[in-house]
Amino acid sequence: MAEYRHAESAVIHGGQTTDPATGAVNVPIYQTSTFQQKGLGLEPKWEYARTGNPTRAALERLIAELEEGEAGFAFASGMAAITAVLSLFQTGDRVLISKNVYGGTYRVLDQVFQQFGLKYAMADTEDLSVLRGQITEDVKAILVESPANPLMTVTDLAGVAGIAKSQGVLTIVDNTFMTPYLQKPLVLGADIVLHSGTKYLGGHSDVVAGLVAVKDAALAKRLAFIQNATGGVLGPQDSFLIIRGIKTLAVRMDRHVENAEKVAAFLQNHSAVASVFYPGLPTAQGYEINRRQGKNGGAMISFELDDGHDYRTFFSSLKLIALAESLGGVESLVCHPATMTHASIPAQIRRKVGITDNLIRLSTGIEHIDDLLSDLDQAIRASER
Ligand SMILES: *Cc1c(COP(=O)(O)O)cnc(C)c1O
């Protein structure tokens with residue numbers, strides 16, 4: 001066991017890093033579906049790769065350690081992770097979700113789980129007194145994101161977990177936007193933390209993956225059962241890529257955030273920008289809460305241009321920053337939540353939660369800050385009506 005005390009070392013040395021069989025400093029890609037057994041009834045450590053694969057297991061131990069959980073689980077996508085977690089519940093149960101929840105989370109509850117009688121309701125997780133009143137007897141879990149997509153709404157995670165616990169309700173946190181390097185929901189009192197590993201953990205926009213970590217051993221056992229029973233596991237090659245991505249999580253996040261803070265300040269001071277949503281700005285909603293529960297504001301920013309500028313021309317004028325879904329890769333990406341990430345949310349609900357057609361979301365990459373600022377500046381200029 002390596003000796004270290006800091007997150008920057010944990011991302012490199014956490015979980016199981018070297019291969020016990022050969023001493024290889026990287027866990028090999030165990031590209032195998034099955035394992036030879038020594039004899040009948042000997043309960044082998046490895047039997048079939050849906051149940052367990054050494055490369056995936058190394059990643060699962062790593063995410064458990066980084067999130068300070070009891071156990072970790074790797075899935076074929078963030079949505080497969082969310083689906084496995086929602087499979088903990090049954091007909092008649094209800095899950096409360098924050099109103100700015102990831103579009104896919106809303107969609108799987110609305111169009112898949114609802115068919116089986118698992119109910120959901122949108123909750124005001126930013127306002128704890130309102131949330132308390134929304135916990136009816138059928139509520140079994142509260143699923144929140146902080147900061148939440150795309151308005152970077154901050155939820156008091158310890159506050160939500162405290163209310164949930166007092167009512168016997170599970171707290172599930174989608175920590176995709178912050179990563180365990182910036183925020184640790186299990187330490188704040190949540191029961192389950194999950195990730196789209198596709199984003200910052202992978203970090204290079206080259207793999208789709210999902211991760212879960214839980215604090216409680218009984219919950220871990222139940223989730224291990226669901227993972228094996230439903231089978232949405234991450235393959236060994238992709239597990240290797242996520243482990244590799246996580247090794248540079250600390251240095252990447254430091255640069256992502258450094259750039260995001262400069263971009264947010266630039267946008268806030270820009271005469272053509274009507275509003276900026278970034279929890280790292282002292283003027284932002286939830287700035288104080290976010291500072292209490294996270295290391296900083298992360299690297300996701302949303303903003304609106306004023307009426308004198310056209311967002312369509314802005315998108316088409318960018319030269320460095322690509323228009324794409326997804327986030328958390330080394331390259332900066334912009335997207336249009338109303339027609340892209342949040343298109344699966346009905347227009348009426350979208351408007352109600354403040355996702356205007358004007359809203360632009362930026363995943364701040366780790367390019368040189370001057371290149372980012374000049375691309376944004378020229379595109380804003382070009383978008384003048
Ligand atoms: C992308 C994303 C997901 C879904 O993850 P996939 O890997 O695309 O399935 C879930 N939650 C958040 C916050 C995300 O950004």
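Is Asp310 buried or exposed? Asp310 is buried, because its relative accessible area is 12% and buried means under 20%. The model behind this value is predicted.

Side chains of opposite charge can pair when their charged atoms come close. The structure holds eleven salt bridges. Asp310 takes part in one of them, with Arg312 as its partner. The closest N and O atoms of this pair are 2.9 Å apart. Arg312 counts as exposed, because its relative accessibility is 51% and exposed means over 50%.

Arg381 is exposed, with a relative accessible area of 59%. Asp377 is buried, at 17%.

## A bridge across the sequence

Which parts does the bridge between Lys140 and Asp93 tie together? In this salt bridge, the closest N and O atoms are 3.5 Å apart. Lys140 lies in strand 4 (residues 139-145). Asp93 sits in the loop between helix 3 and strand 2 (94-98). The pair therefore ties together parts that are 47 residues apart in sequence.

Lys140 counts as partly exposed, with 32% relative accessibility. Asp93 has 10% and counts as buried. Salt bridges can also link up into a network, as Arg94, Lys119 and Asp138 do.

## A buried arginine

Arg350 belongs to helix 13 (residues 347-352). Is Arg350 buried or exposed? Arg350 counts as buried, because its relative accessibility is 13% and the cut-off for buried is under 20%.

What does Arg350 touch, leaving aside neighbours within four places in sequence? Its contacts are Ala338, His342, Ala343, Ile345 and Ile355.

## The largest pocket

Rolling a probe the size of a water molecule over the atoms shows where empty space is left. The largest pocket has a volume of about 390 Å³. Its lining is made of 17 residues. Nearest its centre lie Thr51, Ala57, Glu60, Gly72 and Phe73.

By class, the lining of the largest pocket has six nonpolar, five polar and six charged residues.

## The second largest pocket

How much space lies in the second largest pocket? The volume is about 330 Å³. This pocket is lined by 22 residues. Gly78, Tyr102, Ser196, Thr198 and Lys199 lie nearest its centre.

Helix 3 (78-86) supplies at least two lining residues, and so does strand 6 (192-196). The lining of the second largest pocket divides into eight nonpolar, nine polar and five charged residues. Which domains contribute to this lining? At least three residues come from domain 1 (7-247), and at least three come from domain 2 (250-382).

Methods:
Residues are numbered from 1 along each chain as its sequence is written. This is a predicted model: local features need pLDDT of at least 70, side-chain atom pairs count only at pLDDT 80 or more; totals for chains, interfaces and linings use all residues. Side-chain values use heavy atoms; hydrogens and water are left out. On a 1 Å grid over the protein atoms alone, a cavity is a set of points where a 1.4 Å probe fits but cannot get out, and a pocket is an open set with protein on both sides within 12 Å along at least five of seven lines; lining residues have an atom within 4 Å of a point. Grid points are joined across faces, edges and corners, and a volume is the space filled by probe spheres set on the points. Ala, Val, Leu, Ile, Met, Phe, Trp, Tyr, Cys and Pro count as nonpolar, Asp, Glu, Lys and Arg as charged, and the others, Gly among them, as polar. Helices (H or I, at least four residues) and strands (E, at least two) are DSSP runs, numbered from the N terminus. Domain bounds come from an automatic or database domain assignment. Buried means under 20% relative accessible area, exposed over 50%, partly exposed in between (1.4 Å probe, protein chains only). Contact means heavy atoms within 4.5 Å. A salt bridge is a side-chain nitrogen of Lys or Arg within 4 Å of a carboxyl oxygen of Asp or Glu.
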